Amino acid sequence: MTKAEDVCVVIPIYRAKMSELEELSFKRMISVFQKRAIYLISPPSIQDYTTDLAAGYENVTAEILSEDDFGSPLAFNRLSLKPSFYERFFDYDYLLICQLDVYVFKDDLDTWTSRDEDFFGAPIFEGYTKGRREFKKMGNNGGISLRSIKSCHRVLSEISFRFNKFSSLWNVERHWGWRLYRLIRDGLIFNYNVGHLKPVINEDLFWSAIIPQQFSWFTACKPEVGMYFAYDTNPRLLFEKSGCVYPMAIHAWWTYDREFVEGIIEAYDSEASTARMAAPVL
């Protein structure tokens, strides 16, 4: 079983000013993960801001990356497909990506790393952000995601030229329109380890749905398990499906059903239901 020092928390910082809600999320992360090593990753253009943020905490370090790794979701997608990103954290077994729109309830990381899987995240639903009630058969959201550093690095080291196989892209989707979209965009066009033709596919779908098909040893948690790890879309439905057990965190907590999410945050913080405080050992 991993120890606290075997898992690091990585928080991307994109701008030299947080919104009020981002600041609330950030302070909560710092509080909940106070026994973990926390890294604030940012571009050089806001190095002073990030360094000042980190200076207030003994366990927080500012890690300055390239300007090209920030500025858009695509830039971060491509950052997570670079072996060098994972090499920065080789001192740890797992890293937790925690975006600033994540509300963390509790630190269950040791429970999750004990499962010996390679990627954990909230379930993805059919239709993605459209609010459908059916889980995709594979795939986890990456807004808050726990990943094995060595496994991710090994995958990227073994990929030579093409990232996604046609069969993997086909199997990820159930509907013909989405299947054709994946084959054309992510199979024929943006699928190569070169220049502007590098992948644009969401990095969480790549790691949690594509890679487990292409590397039999790489595993991602099933959606029925991921809902105890975190919520993203459909928080109200996930709370029902999980038997009203609080997850470790909620991604995009003010985006989907904010009134409901604020209600369970208030209930958790006031310890209104002790029986639901800890997720079951899965």
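**A walk through the model**

Visitor: At about what angle does helix α2 run to β3?
Guide: Helix α2 covers residues 47–55 and lies across β2 (37–42) and β3. Helices (H or I, at least four residues) and strands (E, at least two) are DSSP runs, numbered from the N terminus. Axes are lines fitted to C-alpha atoms, for helices over the stretch in contact (heavy atoms within 4.5 Å). With angles running from 0 to 180 degrees between N-to-C directions, α2 runs to β3 at about 165°.

Visitor: Before we go on, what kind of model is this?
Guide: Residues are numbered from 1 along each chain as its sequence is written, and side-chain values use heavy atoms, with hydrogens and water left out. Local features need pLDDT of at least 70, side-chain atom pairs count only at pLDDT 80 or more, and totals for chains, interfaces and linings use all residues, since the model is predicted.

Visitor: Which strands stand at the edges of the six-stranded open sheet?
Guide: The sheet has mixed pairing and the order β3-β2-β1-β4-β9-β6, where two strands pair if DSSP finds at least two bridges between them. An edge strand has a single partner, so one side of it is left without a neighbour in the sheet. That describes β3 (60–64) and β6 (119–120).

Visitor: What is the bridge partner of Cys-98 in β9?
Guide: Strand β4 (residues 94–98) and strand β9 (residues 144–148) run antiparallel, joined by five bridges. In β9, the partner of Cys-98 is Ile-144.

Visitor: On to charges: how far apart in sequence are the parts that Arg-36 and Asp-110 tie together?
Guide: These two form a salt bridge, with the closest N and O atoms 3.2 Å apart; the term needs a side-chain nitrogen of Lys or Arg within 4 Å of a carboxyl oxygen of Asp or Glu. Arg-36 is buried at 3% relative accessible area, while Asp-110 is partly exposed at 24% (buried is under 20%, exposed over 50%, partly exposed in between, with a 1.4 Å probe and protein chains only). Arg-36 sits in the loop between α1 (20–32) and β2, and Asp-110 in helix α5 (residues 109–113), so the parts they tie together are separated by 74 residues.

Visitor: What is the N to O distance between Arg-174 and Glu-134?
Guide: Both belong to a salt-bridge network that also includes Glu-126 and Lys-136. Arg-174 is partly exposed at 32%, and Glu-134 is partly exposed at 45%. Their side chains meet in a salt bridge, N to O, at 2.2 Å.

Visitor: Now the rings: what is the angle between the planes of Phe-125 and Phe-135?
Guide: Rings of Phe, Tyr and Trp (its six-membered ring) pair if their centres lie within 6.5 Å; planes under 30 degrees apart are stacked, over 60 edge-to-face, the rest tilted. Both Phe-125 and Phe-135 are buried, and their centres are 5.1 Å apart. The pair is tilted, with its planes at 50°.

Visitor: Which residue lies over the face of Phe-135?
Guide: A charge sits over a ring if NZ of Lys or CZ of Arg is within 6 Å of the ring centre and within 35 degrees of the ring normal. Elsewhere, the charged end of Arg-162 sits over Phe-166, 5.0 Å from the ring centre. Over Phe-135, at 5.2 Å from the ring centre, lies Lys-241.
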